[in-house]
Every structure is written in C-alpha cells, then in structure tokens.
Amino acid sequence: MKVFIARPMTPAVEARARAEFDVEFRPETAPMSEEEMINALNTFDIVVPTLGDQFSADIFAQVPDPRCKLLANFGVGYNHIDVSAAQAAGIAVTNTPGAVTDATADIAMALLLSTARRAGEGERLVRAGAWEGWHPTQMLGHHVTGKRVGIVGMGRIGQAIARRCHYGFSMQVAYQSRSAKDLDFAAEFIPDLSALAASVDFLVLAVPGGAETRHLINAQVLEAMNPNALLVNIARGEVVDEAALIAALQAGQIAGAGLDVYEFEPKVPQALIDMDNVTMFPHLGTATEEVRTDMGNMALDNVAAFVTGRALPNPV
Ligand code: NAP
C-alpha cells in the first residue's frame, strides 16, 4: 500500500515510516492545497494529514472513487477533516489522543503564568534596554496560587490542566463539559458557561474545535467574566469569537489573554499584537521532539493496523 505523509516529521518517525511502508513524504511545511489533497486521495491508499489540511466535504465530493481508505491524522484535533463526508466516501479517520496531553497542559500553564505575571511584557522590557530597576510597585501582575480556575472542556487535556492547577498551585477548580466527571481531586461542575465564566479568575479552554464549539466563547461569555480575569486558549482558535475577544480586551472587560491558537491562524490580528496584556504563542501545544515522535508513532500504528487488516487503534 502507498502511504503519503503530508509534512516532514521527526527523524525517528521518518525512519520508521521508511522502514515499514512504501511511503512518500511531502517536503513542505505549509498546509496542503486543494489540488494536493485531491491528488493524494486519488493516488495513495493512506494519507497522514495534519492541522491546516482542510479535508472538507467539497474535497471528498471532487474525488468520487478515492484510492485512499484511511486518513491517519497526525494530531488529536481533527476539526480540519469533515469526518462524516470522509466516512461517506469510504475513508476511515484516526487521530493521536493521549500523546499530546501533558505537553499541551504544560503550555496552558505557561500561558496562564506568563499572562498573569506579565512575563512576555517584562521580557520585552529587558530586551529593549528599558528596564529601570526593581521597585515595590513595578509591573504588578495577578497572583496565581490559590486562585480559582475554570476549565472549559474537562477531557484529557482539561483534566491535566486541572491537576496542575490543583496540585501545583493550590487553585480551586471549576469546570464545564458536556457531562460531569468523576475525579480524584475537588472540582466543581458548573454546566452553565456564563455562570462558570463569572465565577473564576482564569478561564482556560480545552474543548475540541468544529461546528459544535465554534464561537463558544462569544461576547456574552466574555461580558460575564470578571474584569480582573484572564482567558487562556490552547484549544482551537475558532472556539473564541476573536473580534469579540479584541473588543472585550480593548474595553477592559477582561484583564488579559494567553493564546496558543487563533481564529484565522497563522494570521494574528494587529489589535492583539498591540496589546501588552496578551501573551501569544505560535501554536506550541505539542511542540517537543518526544511528543511529536509519540504522535507520529501513534499515527503510524494506525497505518500499520490498517495495512495488516487489524482494528484501527484510534478511530474517530
Ligand atoms: P478530549 O479528551 O476529547 O476532551 C475534550 C473535552 O471537551 C471533553 O471533556 C468534552 O466533554 C468537551 N466538549 C466537547 N464538546 C463540548 C462542548 N460542545 N461544550 C463543552 N465541552 C465540550 O480531547 P483532548 O485530548 O483533551 O483535546 C482537546 C482539544 O485540544 C483537541 O480537540 C484539540 O483541538 C486541542 N489541542 C490543542 C493543542 C495545541 O497545540 N494547542 C494540542 C492538542 C490538542 P465530555 O467529556 O463531557 O464529552
């Protein structure tokens, strides 16, 4: 079977893929074009796509009899693939859950701490040679330990963030999810999102992207937040109405935001760049060599299962 891998991978993943499969790597790091996606569906038995490769219903409609029978997505989030349209075309979809959990939770904490303690702004000050020295009221930020955090989406990553907040920072944890969770630490389930937003110092987003969660964080939720509260988004950019977020930040309705993802990434609005109380990372959630290798191996485990006719380990 012919396998197409849509991005360069870590050396370990590339070596395994070349040893085990008849594989072609796409050398570009940018998302696939429509033409490339159509060509891949027609030419390969298995495609390993990733974030940014927009396998929409329209793409599947243009390939009536695809050679491809598996999209083994590299990443846990698969909102860039229209899964129902893929399945209707006879193509299974898998993802890489679990491999990404701790690394992404770490990045959520990095954003929370950086934004609360003005780390980015402070770093820029030092680099600019503009630091005039310590004094008792210099660059006062928001205290983190013991504060109240609200997690939106208490899944694998949401729970890993909650654990870090509870055990590492003695924070009170509250959360919203589709269902209440049985957890081994204290966490209050607040099913109403605006009520959760109104009750916390930090609101952290960890839901999947897609139509169901698009603009879950809208003007109404932002308005419910405390003016001293911070928003952290490691989920997907589209979960937040970015224009409403900019308006809320500019009006002082919330005190700041820590963002790993953007509604139209890699485009980042100038209005966000202009605000010192916004910390911005370039989608770093899973960006470590070990994690990207684990993700690649998980995607290849799904490829291997498919090639040998075994049940897919991570179907979505
Ligand atoms: P997961 O285990 O499936 O958890 C997702 C959670 O979101 C579940 O608790 C689910 O609730 C909840 N949820 C789903 N739809 C919801 C809705 N409409 N309203 C409220 N809650 C909803 O997934 P995960 O592994 O934690 O990953 C979560 C997401 O993080 C991924 O899908 C991906 O988009 C994103 N991510 C980002 C990065 C990054 O680099 N920044 C890295 C990895 C992942 P129930 O459990 O009640 O059903």
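**Loop histidines**

I looked up H283 and placed it in the loop between β12 (278–280) and α12 (289–307); helices (H or I, at least four residues) and strands (E, at least two) are DSSP runs, numbered from the N terminus. The model is predicted, so I note that local features need pLDDT of at least 70 and side-chain atom pairs pLDDT 80 or more, while totals for chains, interfaces and linings use all residues. Residue numbers start from 1 along each chain as its sequence is written, and side-chain values use heavy atoms, with hydrogens and water left out.

H283 has a positive phi of about 50° although it is not a glycine. I recorded H283 as partly exposed, with a relative accessible area of 22%; buried means under 20%, exposed over 50%, and partly exposed in between (1.4 Å probe, protein chains only).

I then turned to H215, in the loop between β9 (202–205) and α9 (219–224). H215, not a glycine, has a positive phi of about 55°, and its relative accessible area of 21% makes it partly exposed.

**Cis peptide**

I checked the peptide bond from E265 to P266 and found it cis, with omega near 10°. P266 belongs to the loop between β11 (256–259) and α11 (270–273).

**A buried glutamate**

I located E121 in helix α6 (residues 119–127). Is E121 buried or exposed? E121 is buried, at a relative accessible area of 18%. Leaving out residues up to four places away in sequence, E121 touches M139 and D276, where contact means heavy atoms within 4.5 Å.

**Nonpolar cores**

I took a nonpolar core as a set of buried Ala, Val, Leu, Ile, Met, Phe, Trp, Tyr and Cys residues joined through side-chain atoms within 4.5 Å. The largest has 51 residues, of which I5, I151 and I161 touch the most other members. Helix α5 (residues 101–116) supplies the largest share of this core, 8 residues. This core draws at least three residues from each of domain 1 (2–99 + 288–307) and domain 2 (101–280), with bounds from an automatic or database domain assignment.

I listed the contacts of I151, not counting residues up to four places away in sequence; among them are G158, I161, V173, Y175 and L196. A second, separate core of 31 residues includes A197, L203, V207 and L222.

**Lining residues**

Finally, I noted that N233, G237, V240, E242, L245, L259, V261, Y262 and E263 line the largest cavity. On a 1 Å grid over the protein atoms alone, a cavity is a set of points where a 1.4 Å probe fits but cannot get out, and lining residues have an atom within 4 Å of a point.

Terms used: On a 1 Å grid over the protein atoms alone, a cavity is a set of points where a 1.4 Å probe fits but cannot get out, and a pocket is an open set with protein on both sides within 12 Å along at least five of seven lines; lining residues have an atom within 4 Å of a point.
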